[in-house]
Amino acid sequence: MYSRILGTGGYLPEQVRTNADLERMVETSDEWIIERTGIKERRIASEQETAAYMGTEAAKKALESARLQPADLDAVICATTSSQYAFPSCACEIAGALGLAGVPAFDVAAACSGFSYAYAIAHAMIMSGQAQKILVVGADRISHACNPQDRTTIILFGDGAGAAIVGASDEQGTLAVHLSSDAKRAPLLTLPHPVRGRPSSESDYLYMKGNEVFKQAVVILAGLVNQTLEKAGMSDADLDFLVPHQANLRIITATARKLHLDMSRVIVTLDKQGNTSSASVPLALDEGIRSGRIQRGHVLLLESFGGGFTWGSALIRY
Ligand code: ACO
């Protein structure tokens, strides 16, 4: 018995925030943002577009693409760090909105690496026979956790949700997964929970020492992609597509170079979506599949890096 992706879906809020909009909010420029990040616009969730709402919409599309009904699912896992409630979990809210009861549902918090973690857990649940069809969602609205006056973070983040149905199969879809963390540099990237009873303050917002995080991300991702390929006894020549976390085009380009991959074989969505945290990898995967670039049988390397620090990957035959 193996695990395999049966379908994918995505949801993006309607409201677009362009670089020109940001020029009116903070001291920045379209040129600076494009040159340093590759981002041109991002989507911003309304009050109604909670992580659970966006996750549910992405899940419906994933179910449709897998030709399944909610009742076919036997677990729901949601990667998020920006859900409306600590409990009920975002996964419970999504399960409820889909009319599902009697199945395990829980959240995974690993910042931008959340989807890699959730996917690896789904894979393990299937391999151990605990579940047959699992809804794996990445949903975040981190734009709302950024200080609107902080030009170093507000330019980066967008909101959205991506989903995949991971199912048991006699074809090997998941070839290798790899997860890791290291708290040594945790203070470089933090998002505190607001303290109840205390008015919100500067220190409640997301903090990131961008250039330090950037250097770490490039080095860690270079090691991660090689370790993942080695685990499966494969090399970069076996890869059809890289589906990276969409934090910064320069980080993505460095990882592609490490893998000797032409950028035509890398799925890039950050120009239109910015960094959607745990939604970024499943949204990129869904975009690659729906655009027809990713086909059944292609070998894909999904990777992500985020606060914690955490990082993770999945090598997949789609
Ligand atoms: N517009 C104009 N100038 C700016 C802006 C802006 N929006 N932001 C910063 N600057 C200035 C800085 O003040 C600095 O000025 P100085 O030289 O006078 O001090 C200069 O630009 C250079 O700043 P750096 O921070 O060194 O710029 P860098 O090239 O590193 O780009 C960025 C910043 C885009 C944040 C980059 O470092 C990055 O992408 N980091 C990694 C992000 C990441 O991968 N995060 C992990 C996932 S997120 C998660 O887990 C939630």
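**Reading a predicted model, feature by feature**

Trainee: Where does histidine 260 lie?

Mentor: Histidine 260 is in the loop between H7 and helix H8 (270-273). Keep in mind that this is a predicted model.

Trainee: Is histidine 260 buried or exposed?

Mentor: Relative accessible area over 50% counts as exposed, and under 20% as buried. Histidine 260 has a relative accessible area of 65%, so it is exposed.

Trainee: What is phi of histidine 260 near?

Mentor: Its phi is near 55°, a positive value in a residue other than glycine. Alanine 111 is also a residue other than glycine with a positive phi, here near 50°.

Trainee: Where is the place of alanine 111, and how does its accessibility read?

Mentor: Alanine 111 sits in the loop between strand E5 (105-108) and helix H5 (114-127). Its relative accessibility is 21%, so alanine 111 counts as partly exposed.

Trainee: What does the domain assignment of the protein chain give?

Mentor: The assignment gives domain 1 (2-169) and domain 2 (174-317). Their contact takes 51 residues from domain 1 and 45 residues from domain 2. Taken over C-alpha atoms, the centres of domain 1 and domain 2 are 14 Å apart.

Trainee: How many residues surround the ligand, and which are the closest?

Mentor: The ligand is surrounded by 27 residues, the closest being Thr28, Arg36, Cys112, Asn248 and Gly307. By class, the shell has 13 nonpolar, 10 polar and 4 charged residues.

Trainee: Which polar atoms lie at what distance from an oxygen atom of the ligand?

Mentor: For a polar contact, look for N or O atoms within 3.5 Å of each other. A polar side-chain atom of arginine 36 is 2.8 Å from an oxygen atom of the ligand. In the side chain of arginine 250, an N or O atom is 3.0 Å from an oxygen atom of the ligand. Glycine 307 uses its backbone: an N or O atom there lies 2.9 Å from an oxygen atom of the ligand. As for cover, the ligand taken alone exposes 1000 Å², of which the protein buries 75%.

Trainee: Which elements give two or more residues to the shell around the ligand?

Mentor: They are helix H2 (30-37), helix H6 (210-231), helix H7 (249-258) and strand E12 (299-306). H6 supplies the largest share, 4 residues.

Trainee: Alanine 217 lies in helix H6. Is alanine 217 buried or exposed?

Mentor: Alanine 217 has a relative accessible area of 2%, so it is buried. Beyond residues up to four places away in sequence, alanine 217 touches Ile251 and Phe305. Sequence separation and distance are read side by side. Alanine 217 and serine 304 are 87 residues apart along the chain, and their C-alpha atoms are separated by 9.2 Å.

Trainee: Where is isoleucine 154 found, and is it buried or exposed?

Mentor: Isoleucine 154 is in the loop between strand E6 (133-141) and strand E7 (159-169). Its relative accessibility is 3%, so isoleucine 154 counts as buried. Leaving aside neighbours within four places in sequence, its contacts include Arg17, Leu22, Met25 and Val26.

Technical notes
Residues numbered from 1 in each chain as written. Predicted model: local features only at pLDDT ≥ 70, side-chain atom pairs only at ≥ 80, totals over all residues. Heavy atoms only, no water. Near = heavy atom within 4 Å. Polar contact = N/O pair within 3.5 Å; in protein donor to acceptor, adjacent residues only side chain to side chain. Areas by Shrake-Rupley, 256 points an atom, 1.4 Å probe, with all protein chains shown as cover. Nonpolar A, V, L, I, M, F, W, Y, C, P; charged D, E, K, R; others polar. Domains from an automatic or database assignment. Contact = heavy atoms within 4.5 Å. Buried < 20%, exposed > 50% of the residue type's maximum accessible area, 1.4 Å probe, protein only.
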